[in-house]
Structure formats: structure tokens, C-alpha cells
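Open the model in a viewer and keep the selection tool at hand. The stops below say what to select next and what is there.

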Amino acid sequence: DATPIDRARTAAASTSYTGSVTVRWLDRAVVHTETMQVRAGGGVVRFEGAAKLAATASQRWLFRDGDWDLMSPVGVGHQDVSVTAKYRYTTAVGPTVAGRPTQMVDLTADGWLQERLFLDQVTGLLLRRQQFDKAGAEVRSVSFDTITVGPAAPPAAPGPSVDMRPH
């Protein structure tokens with residue numbers, strides 16, 4: 001049976017959308033905030049803000065010094081871990097995020113709430129993610145401020161990059 005996380009992964013890979021995302025994180029008691037524009041479709045996600053980022057299921061790029069740098073090539077993939085192998089999860093009706101109704105998913109491990117996810121009830125897309133420390137304080141969050149779901153021209157994946165690592 002598919003978990004809400006499985007549904008979110010499927011939605012992320014197959015749904016086209018545009019929007020505005022705010023990232024917030026705590027670093028040495030200082031709160032940082034960054035707002036970026038995001039566009040996704042055709043398996044590619046592009047973020048534009050103070051930095052430009054792009055990602056596919058197997059690669060991550062960062063735009064700097066006028067070129068796209070491949071930060072995570074195909075050979076350095078990751079392995080999806082089953083949510084039930086790592087966490088216990090509970091679901092409830094969540095608040096409206098970016099004008100869309102959500103399902104709230106609490107992920108606990110080792111006896112404490114580690115993450116709270118808010119998934120779009122219609123598409124399954126992850127609209128907000130909060131991460132907590134052991135004391136229950138939010139240390140990181142990513143949230144859509146606005147989102148438009150629907151067909152749009154998918155963003156282009158960055159072109160080929162050159163491995164500039166010293167050998």
C-alpha cells in the first residue's frame with residue numbers, strides 16, 4: 001500500500017507547476033530566509049533566487065560564474081528509503097498552504113517529531129516541510145507561498161557540464 005510519501009514522490013516526478021517558495025533555517029541562533037521562484041515539469045525542477053539551482057531525479061546543478069556546475073552526477077545517486085523503515089507516521093487534515101488544502105503528515109523517530117509535511121490533497125505535491133530539533137523547535141522549513149499547478153512548458157535541464165575537479 002502506498003504511503004503519503006510515496007504519493008508525494010510520484011507527484012513530484014509527474015506534476016508541472018510554477019510558484020514561489022520560501023526557505024527558512026536556523027544557524028547558530030540566527031534565522032535566515034530566502035525566497036525563490038520555482039518551475040517544474042518533465043522531471044526537471046528549477047529554482048531561481050539569490051542562487052540558481054536545477055535538479056532531475058538523478059542530477060543536481062548549481063549556476064555559478066556563468067556556467068552550470070554538475071554537483072551530483074548520475075553515478076552518485078541516492079537510494080530511497082522506505083518511510084516506514086525510518087519513521088512512524090500519522091496523518092491528519094492540514095491547514096491551507098498557498099491556497100490549497102493539505103494532508104498533514106507527522107514523521108517521528110526515536111520518540112520525537114522530526115518532520116512535518118503538508119501534502120496537497122489534490123495532487124499529492126509536497127507544499128510545506130518543517131524539520132524540528134529534539135526540543136521541538138523548528139530548525140528548517142520550505143514552503144510554497146504561491147503555486148499554480150498545470151501544464152506549462154517544462155524547464156530545460158542544464159546542458160552538459162565539464163568535470164573541473166583536480167585529478
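**Stop 1: charged pairs**

Select Glu115, which is buried at a relative accessible area of 8%; buried means under 20%, exposed over 50%, and partly exposed in between (1.4 Å probe, protein chains only). This is a predicted model, in which local features need pLDDT of at least 70 and side-chain atom pairs count only at pLDDT 80 or more, while totals for chains, interfaces and linings use all residues. Residues are numbered from 1 along each chain as its sequence is written, and side-chain values use heavy atoms, with hydrogens and water left out.

The term stands for a side-chain nitrogen of Lys or Arg within 4 Å of a carboxyl oxygen of Asp or Glu. Helices (H or I, at least four residues) and strands (E, at least two) are DSSP runs, numbered from the N terminus. Arg129 counts as partly exposed, at 32% relative accessibility.

Next, select Asp106 and Arg116, whose side chains form a salt bridge of 2.6 Å, N to O. Asp106 belongs to strand 8 (residues 102–109) and Arg116 to strand 9 (residues 112–120), so the pair ties together parts 10 residues apart in sequence. Asp106 is buried, with a relative accessible area of 15%.

Move to helix 1 (residues 4–14), where Asp6 and Arg9 lie three residues apart, about one turn of the helix. Their side chains meet in a salt bridge at 4.0 Å, N to O. Asp6 is partly exposed at 30% relative accessible area, and Arg9 is partly exposed at 33%. By this rule the model has five salt bridges.

**Stop 2: rings**

How many aromatic pairs does a search of the whole structure find? It finds one. Rings of Phe, Tyr and Trp (its six-membered ring) pair if their centres lie within 6.5 Å; planes under 30 degrees apart count as stacked, over 60 as edge-to-face and the rest as tilted. Select Tyr17 and Phe144: they are edge-to-face, 5.7 Å centre to centre, with 80 degrees between the planes. Tyr17 sits in strand 1 (residues 17–27) and Phe144 in strand 11 (residues 138–149), so the pair ties together parts that are 127 residues apart in sequence. Both Tyr17 and Phe144 are buried.

Then select Phe118. Arg128 lies over its face, 5.3 Å from the ring centre; this requires NZ of Lys or CZ of Arg within 6 Å of the ring centre and within 35 degrees of the ring normal.

**Stop 3: nonpolar cores**

A nonpolar core is a set of buried Ala, Val, Leu, Ile, Met, Phe, Trp, Tyr and Cys residues joined through side-chain atoms within 4.5 Å. The largest has 15 residues, and those with the most contacts inside it are Tyr17, Val38, Leu125, Leu127, Phe144 and Ile147. Strand 1, strand 2 (30–41) and strand 11 are the elements that give two or more residues to this core. Another core, of eight residues, lies apart from it and includes Val105, Leu107, Ala109 and Leu117.

**Stop 4: a hairpin**

Finally, select strand 4 (residues 52–55) and strand 5 (residues 60–64), which run antiparallel and are joined by four bridges. Two strands pair if DSSP finds at least two bridges between them. Leu53 has Leu62 in strand 5 as its bridge partner. A hairpin of four residues joins strand 4 to strand 5.
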